[in-house]
Amino acid sequence: QVQLVESGGGLVQAGGSLRLSCAASGRTFSRFTMGWFRQAPGKEREFVAAVWWSSGSAYYTDSVKGRFTISRDNAKNTMYLQMNSLQPEDTAVYYCAAGLRELAAIMLRSLSMYDYWGQGTQVSVSS
């Protein structure tokens with residue numbers, strides 16, 4: 001079993017920043033793929049970013065490129081999402097997810113490729 005706990009959400013004005021954390025426990029993560037997804041009210045959950053745990057290489061959806069940075073700390077088994085230049089359209093519940101293998105890039109956006117999910121943390125951006 002893998003447990004994922006997100007933190008760091010909150011309310012921020014447009015143009016502001018937040019850093020989300022996802023603390024993982026329960027297994028070793030050397031070959032995991034971990035990702036961030038978000039779900040706005042009335043919308044489907046969508047992919048934001050992912051990181052391959054072994055290499056640290058990252059992949060982003062176009063709408064957050066240049067504003068968000070995903071990273072991981074091997075020693076702490078923690079993944080981060082630094083979010084800068086936040087806009088009202090970034091408002092959503094943000095979820096971290098873990099896949100028990102190194103996913104190909106074409107698979108990263110698919111929710112079904114991830115085996116474990118956190119409970120979510122709310123990010124609200126006011127205009």
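Here is a short chat about the predicted model of this protein chain.

User: Hi! What kind of model is this, and how many helices and strands does the protein chain have?
Analyst: Hello! This is a predicted model.

User: Nice. What does the C-alpha trace span along its principal axes?
Analyst: About 40 × 30 × 25 Å.

User: And how much of the chain is buried?
Analyst: Buried residues account for 43% of the 127. The accessible surface comes to about 6300 Å², and carbon and sulfur atoms hold 48% of that.

User: What about contacts, how many join residues at least 24 apart?
Analyst: Taking contacts between residues at least 6 apart in sequence, 59% join residues at least 24 apart.

User: Switching to charges: how many positive and negative side chains are there?
Analyst: There are 12 positive and 9 negative side chains, and the centres of the two sets lie 5 Å apart.

User: Let's zoom in on β8. Is it mostly covered or uncovered?
Analyst: Mostly covered, with five of its six residues buried.

User: Which strands does β8 pair with?
Analyst: β3, residues 18–25, runs antiparallel to β8 and is joined to it by six bridges. β7 also pairs with β8 in the antiparallel sense, again over six bridges.

User: Which residues stand opposite Gln-82?
Analyst: Arg-19 stands opposite Gln-82, and Thr-69 has Gln-82 as its bridge partner in β8.

User: How many residues sit between β7 and β8 in the hairpin?
Analyst: Four residues lie between them. Asn-77 is in that turn, with a positive phi of about 50°. The loop holding Asn-77 runs between β7 (68–73) and β8 (78–83).

User: Why does Asn-77 count as partly exposed?
Analyst: Because its relative accessibility is 24%, and partly exposed covers the range between under 20% for buried and over 50% for exposed.

User: Where is Ser-85, and what is its phi?
Analyst: Ser-85 lies in the loop between β8 and β9 (92–99). Its phi is near 50°, a positive value in a residue other than glycine.

User: Is Ser-85 buried, partly exposed or exposed?
Analyst: Ser-85 has 36% relative accessibility, so it counts as partly exposed.

Note on methods
Residues numbered from 1 in each chain as written. Predicted model: local features only at pLDDT ≥ 70, side-chain atom pairs only at ≥ 80, totals over all residues. Heavy atoms only, no water. Buried < 20%, exposed > 50% of the residue type's maximum accessible area, 1.4 Å probe, protein only. Contact = heavy atoms within 4.5 Å. Areas by Shrake-Rupley, 256 points an atom, 1.4 Å probe, with all protein chains shown as cover. Lys, Arg positive; Asp, Glu negative; His and termini not counted. Charge placed at Lys NZ, Arg CZ, Asp CG, Glu CD. Helix = DSSP H or I, 4+ residues; strand = E, 2+ residues; numbered from the N terminus. Pairing = 2+ DSSP bridges.
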